[in-house]
Amino acid sequence: PLSLADTLLSHNTPDTFLHPMGATVFVQPLDLVKNRMQLSGQGTKAREYKTSFHALFSILKNEGIRGIYTGLSAGLLRQATYTTTRLGIYTILFEKMTSADGRPPNFFLKAVIGMTAGATGAFVGTPAEVALIRMTADGRLPPDQRRGYTNVFNALARITREEGITTLWRGCIPTMARAVVVNAAQLASYSQSKQALLDSGYFGDDILCHFCASMISGLVTTAASMPVDIVKTRIQNMRMIDGKPEYKNGLEVLVRVVGKEGFFSLWKGFTPYYARLGPHTVLTFIFLEQMNRLYKTHILDR
């Protein structure tokens with residue numbers, strides 16, 4: 001019988017359920033606000049936005065409703081490339097690792113498969129991710145400095161023509177690292193928090209417990225993956241200054257953000273990031289727990 005973790009791992013991460021393309025329409029504004037906040041106040045302690053709401057309202061005021069959906073085509077392409085690759089790789093590896101007598105791989109192997117699939121999907125999705133970061137960042141620049149991509153395909157074509165094809169994979173290491181961190185953190189923190197809640201004696205194994213555990217899991221995952229995410233955002237948006245890149249590598253981004261903007265700047269954009277990861281995590285785990293329950297009552301106990 002499939003345990004919760006098996007089912008989760010076989011679907012890898014949340015957005016498999018909320019049809020990813022549909023979910024993108026809801027999370028695009030959150031993505032935009034997160035990216036703007038991560039790029040705000042580069043190299044200074046000054047805060048461009050006081051809070052996520054301040055960011056959202058100022059974007060709405062200056063750029064209108066269309067402004068908060070800038071880069072939607074890139075968001076959709078990212079989901080299409082990342083999700084399909086991830087699920088494809090996961091399925092292939094899962095079948096390869098299943099023993100001849102049909103016994104599925106153990107938990108540890110499944111976690112490894114999940115992370116491998118996540119990282120591979122992230123690699124394939126990087127060009128769309130680069131386009132997304134740049135398109136969402138454009139509105140904060142003075143008109144003469146904007147890149148002005150009209151849609152994701154225009155962005156990909158122009159990046160290739162103007163900066164060379166390798167630029168499409170700029171920041172692929174932090175992008176892959178983030179996928180691995182999200183996969184690992186979600187799994188570990190959910191089962192840990194659920195166990196802790198059950199041990200407290202205040203919770204039974206019911207929907208309330210699953211809801212609280214998944215909210216905690218979303219929080220832990222957000223906190224763990226944000227420093228990697230800001231590195232990715234800054235690298236993918238950087239320009240060449242006198243023929244040299246703004247940042248040499250991810251480590252330099254971390255050192256400069258902490259040194260010039262303060263340690264907690266690594267978590268800029270926490271609210272919108274949690275707002276998009278939280279519901280995904282909650283819905284996934286609640287859905288899975290219910291599926292497990294049905295499976296147990298209708299199939300195992302007959």
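**Ground rules.** I take helices (H or I, at least four residues) and strands (E, at least two) as DSSP runs, numbered from the N terminus. This is a predicted model, so I noted that local features need pLDDT of at least 70 and side-chain atom pairs count only at pLDDT 80 or more, while totals for chains, interfaces and linings use all residues. Residues are numbered from 1 along each chain as its sequence is written, and side-chain values use heavy atoms, with hydrogens and water left out.

**Leu254.** I began with Leu254, which sits in helix α9 (residues 250-261). Is Leu254 buried, partly exposed or exposed? I use buried for under 20% relative accessible area, exposed for over 50% and partly exposed for in between (1.4 Å probe, protein chains only). Leu254 comes out at 29% relative accessibility, so I put it down as partly exposed. Next I looked up its contacts, meaning heavy atoms within 4.5 Å. Not counting residues up to four places away in sequence, Leu254 touches Pro227, Val231 and Leu266. I also checked Leu254 against Val228: they are 26 residues apart in sequence, and their C-alpha atoms are 8.8 Å apart in space.

**α8 against α9.** Two of those contacts sent me to the helix pair. For packing, axes are lines fitted to C-alpha atoms, for helices over the stretch in contact, and angles run from 0 to 180 degrees between N-to-C directions. I found α8 and α9 packed at an angle of about 105°, with their axes 9 Å apart. For naming angles, I count under 35 degrees as roughly parallel, over 145 as roughly antiparallel, 65 to 115 as roughly perpendicular and the rest as oblique. α8 and α9 are therefore roughly perpendicular to each other. On the α8 side I listed Pro227, Val231, Arg234 and Ile235, which meet Gly250, Val253, Leu254, Val257 and Glu261 in α9. I sorted residues by class: Ala, Val, Leu, Ile, Met, Phe, Trp, Tyr, Cys and Pro are nonpolar, Asp, Glu, Lys and Arg are charged, and the others, Gly among them, are polar. The contact of α8 with α9 has six nonpolar, one polar and two charged residues.

**Asp229.** I stayed in helix α8 (residues 207-237) to look up Asp229. Asp229 has 0% relative accessibility, so I wrote it down as buried. Which residues does Asp229 contact, leaving aside its neighbours within four places in sequence? I got Lys34, Gln38, Arg178 and Tyr273.

**α7 against α10.** Helix α7 (residues 172-199) and helix α10 (residues 270-300) pack at an angle of about 55°, with their axes 12 Å apart. That makes α7 and α10 oblique to each other. By class, the contact of α7 with α10 has five nonpolar, two polar and three charged residues.

**Ile286.** Also in α10, I picked Ile286. Its relative accessibility is 18%, so Ile286 counts as buried. Leaving aside neighbours within four places in sequence, Ile286 is in contact with Ile207, His210 and Phe211.

**α5 against α6.** I found helix α5 (residues 107-137) and helix α6 (residues 152-163) at an angle of about 100°, with their axes 10 Å apart. I call α5 and α6 roughly perpendicular to each other. Among the residues making the contact are Pro127, Val130 and Arg134 of α5 and Leu156, Ile159 and Glu163 of α6. The residues of this contact of α5 with α6 divide into nine nonpolar, no polar and two charged.

**Arg36.** I looked up Arg36 in helix α2 (residues 20-39). Arg36 is buried, with a relative accessible area of 1%. Its contacts, leaving aside neighbours within four places in sequence, include Tyr49, Glu63 and Arg140.

**Asp242.** My last stop was the loop between β1 (240-241) and β2 (244-245), where I found Asp242. Asp242 has a positive phi of about 50° although it is not a glycine. Asp242 is exposed, with a relative accessible area of 76%.
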